[in-house]
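Student: I would like to learn how to read a few features of a protein model. Can we go through them one at a time?

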Amino acid sequence: MDIVDMITEEQGLEYDEAMNKFYNSEVFEKLQDKETGLYCESSSYVYDLFCDELNLGHIVQAEI
């Protein structure tokens with residue numbers, strides 16, 4: 001499942017709003033950086049990191 005779809009379903013946001021939040025997040029920035037290896041992780045894992053960023057203001061993962 002697409003991460004933006006997960007955001008719309010889980011957080012009740014419109015697709016455009018969810019896409020904007022995700023694409024402007026630190027998680028998305030790290031996802032684009034091949035050195036983090038985040039692109040190899042599952043959508044669920046990336047979504048959980050995104051939720052951490054929203055709720056805590058930062059990503060909670062020691063590896064990146």
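Student: Is Glu41 buried, partly exposed or exposed?

Tutor: First, what is being read: this is a predicted model, in which local features need pLDDT of at least 70 and side-chain atom pairs count only at pLDDT 80 or more, while totals for chains, interfaces and linings use all residues. Residues are numbered from 1 along each chain as its sequence is written, and side-chain values use heavy atoms, with hydrogens and water left out. Buried means under 20% relative accessible area, exposed means over 50%, and partly exposed is in between (1.4 Å probe, protein chains only). Glu41 has 39% relative accessibility, so Glu41 counts as partly exposed.

Student: Where does Glu41 lie?

Tutor: Helices are DSSP runs of H or I with at least four residues, numbered from the N terminus. Glu41 lies in the loop between H3 and H4. In sequence, Glu41 and Ile3 are 38 residues apart, and in space they are 12 Å apart, C-alpha to C-alpha.

Student: Which residues form the negative surface patch?

Tutor: A patch of charge joins like charges within 9 Å, using residues with over 30% relative accessible area and no salt bridge. A salt bridge would be a side-chain nitrogen of Lys or Arg within 4 Å of a carboxyl oxygen of Asp or Glu. Here Glu26, Glu29, Asp33 and Glu35 form the negative patch. Asp33 sits in the loop between helix H3 (26-32) and helix H4 (43-56), and is partly exposed because its relative accessibility is 33%.

Student: What does the side chain of Thr8 reach?

Tutor: A polar contact is a pair of N or O atoms within 3.5 Å; within protein, one must be able to donate a hydrogen and the other to accept it, and residues adjacent in sequence count only if both atoms are side-chain atoms. Thr8 reaches the backbone oxygen of Asp5 with its side chain, at 2.7 Å. Thr8 belongs to helix H1 (residues 3-11) and is buried, because its relative accessible area is 17%.

Student: How far is the backbone oxygen of Phe22 from a polar atom of the side chain of Ser25?

Tutor: The distance is 2.6 Å between that side-chain atom of Ser25 and the backbone oxygen of Phe22. Ser25 lies in the loop between helix H2 (15-23) and H3, and with 6% relative accessible area Ser25 is buried.

Student: Why does Ser44 count as partly exposed?

Tutor: Ser44 counts as partly exposed because its relative accessibility is 40%. Ser44 is found in helix H4. From Ser44 to Gly57 there are 13 residues in sequence and 19 Å in space, C-alpha to C-alpha.

Note on methods
Patches are made of residues with over 30% relative accessible area and no salt bridge: like charges are joined within 9 Å, nonpolar side chains (Val, Leu, Ile, Met, Phe, Trp, Tyr) within 5 Å. Accessible areas come from the Shrake-Rupley method with a 1.4 Å probe; for residues, only the protein chains shown count as cover. Lys and Arg count as positive and Asp and Glu as negative; His and the chain ends are not counted. The place of a charge is taken as NZ of Lys, CZ of Arg, CG of Asp or CD of Glu. Helices (H or I, at least four residues) and strands (E, at least two) are DSSP runs, numbered from the N terminus.
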